[in-house]
Amino acid sequence: MELFPSLSLLFITFISLYVYFFLKPTSKAETKASGFKSYPLVGVLPEFLRNRHQFLQWSTEVLSGCATQTAVFNRPGKIHGVITANPLNVEHMLKTNFENYPKGPRFNSILEDFLGQGIFNADGELWRGQRKTASYEFNTRSLRNFVMENVTMEIQTRLVPLLEKAAATDKVLDLQDVLERFAFDNICKVAFNVDPSCLGGDGTTGGEFMTAFEEATSISADRFRYALPGLWKIKKLLGIGSEKRLAQSISKVHEFADKIISSRLEEQATKNNDEDLLSRFVGNSENSPEFLRDIVISVILAGRDTTSSALTWFFWLLSSRPEIQENILKELKTIRQQYGKTKNIGEAYNFDELRQMHYLHAAISESMRLFPPVSIDTKYCSDDDTMPDGSYVGKGWYVTYNSYAMGRMISVWGQDCFEYKPERWLENGIFKPESPFKFPVFNAGPRICLGKDMAYIQMKYIAASILERLKMDVLLERGKCPEMLLSLTLRMKGGLPVSMKQRLSE
Ligand code: HEM
């Protein structure tokens, strides 16, 4: 007889807790004053679930309300962490106490199926070895020339004809998709000298590879966002849902990469192919074919969506700032007309000319300050530690630096931090780099991005080539920021629809 009242009581308690945890509106003042709003037993989970779709905006708001732009969180499953937008803390974790903050076991296990032991997913000696070889290779003149050659080819024979054709036929294009295809072709060439022709060509060689790569990336990234952290492992064990699709896409990626690597290993005896990144690693007989595959996949991941993400947000920002476009065009004209000779619009730029584009460099950097391609990055704390701002970090905690929030902190960039203002990067017209701890968009310290220079070459070249030839109209609601899609990189939900006109024909 007493069973029913007890069950009713339990039911009412459960419903009340549900309403309290999940439906109670957040008070801004409450959140701002105390970092993340935390509940007994479930920690920040209810707030996390409620804000998962707008994680960057939510975490930025919380961090801007914290005294040192750093907040602690906990979640069920004994997950503790610190998230920071404080440059001193960023310097501490990425440089001063680097050894204490590896990627760690959680990151490694989440990405292992896709990335294996490639540089992006490696720690300790395994990382050091790859870093040493790769940094040497990234700095060679032969790689730089190879990059210039490939970017020029991709722009002149694929990107520009595709956009000019769209202009002539009034066709609407998704610029984000175009830029992603460009970056994929480019990084495959640089990594293993294979042209998947995803842009412009018929795409049959690489289309399937690119789609599989995209799916493997986004499902792997989703593993970070499960409310119950180990759930993906159960799905994987049962071979169901997204985990089933992940296994299929990874096997396609591996098949494609394996073929390239085995033919390269066969070729090695006869040909001296030393232009791409793979050649440097193939030269070391200790590297197994599986390890070579892991390295290549990591490099493609690192170089693929980053530049396209940066340029997509850059073109969106420019669409409402004609005066900044004019400044870029003026700079390009000056560069084309220097040394008493005139270069026509459409003629290829060389490396030195790209280096002289200070204003464009500033405009792209400023866009990445507001929309960093890698918006958040998480490390693992190996041993108890205290951050420079006094925050305690326990062994086994996660430590995340939030580049997106950092770009929007008044304490870091001043009152005008929300404004898109390339001039803040210039001193007498010359680009003035910022501390990488204040602007950790390319990471900082011993693991700083290896492709930074290559990325700027590519981004400046693409931006200059498009802007001087075409006038773009973004077909999105004016004054409204497009929705963000946070995968491993920051994408624009639904893409960037644009229509174009030839600039010369005006
Ligand atoms: C706008 C473009 C780019 C941005 C914003 C960017 C940003 C980053 C960031 C934040 C990391 C650190 C990731 C981590 O350790 O968790 C990284 C690492 C890396 N990036 Fe980039 N990247 C860009 C383009 C490129 C390109 C074009 C390449 C060329 C292949 C590249 C190659 C790498 C490599 C190899 C690493 C791993 C370094 C290591 O772990 O030692 N990146 N990048």
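Author: Let me begin with a term we shall need: angles run from 0 to 180 degrees between N-to-C directions. With that in hand, and keeping in mind that this is a predicted model, we can say that helix H5 (residues 87-96) lies across S1, strand S2 (79-84), S4 and S7, and runs at about 125° to S7.

Reader: ok, and in what order do the strands of that open sheet come?

Author: The order is S1-S2-S7-S4, with mixed pairing among the 4 strands. Strand S1 (70-75) and strand S4 (376-380) stand at the edges with a single partner strand each, so one side of each has no neighbour in the sheet. From one strand to the next, the twist averages 25°.

Reader: how many bridges join S4 to S7?

Author: There are 5 bridges between S4 and strand S7 (residues 398-402), and the two run antiparallel; Lys379, for example, has Val399 in S7 as its bridge partner.

Reader: switching topic, at what angle do H10 and H12 pack?

Author: Helix H10 (residues 207-222) and helix H12 (residues 241-267) pack at about 135°, with their axes 8 Å apart, and they are therefore oblique to each other. Their crossing is left-handed, and the contact includes Phe209 and Ile219 of H10 together with Leu246 and Phe256 of H12.

Reader: last one, which residues come nearest the ligand?

Author: Of the 23 residues around the ligand, those are Ala302, Gly303, Thr306, Cys449 and Gly451. Helix H14 (289-319) is one of the elements that give two or more residues to the shell, and its share of 6 residues is the largest. The shell divides into 15 nonpolar, 5 polar and 3 charged residues.

Note on methods. Residues numbered from 1 in each chain as written. Predicted model: local features only at pLDDT ≥ 70, side-chain atom pairs only at ≥ 80, totals over all residues. Near = placed C-beta within 6 Å. Nonpolar A, V, L, I, M, F, W, Y, C, P; charged D, E, K, R; others polar. Parallel < 35°, antiparallel > 145°, perpendicular 65-115°, else oblique. Left-handed = near helix turned anticlockwise from the far one by under 90°. Contact = placed C-beta atoms within 7 Å. Pairing = 2+ DSSP bridges.
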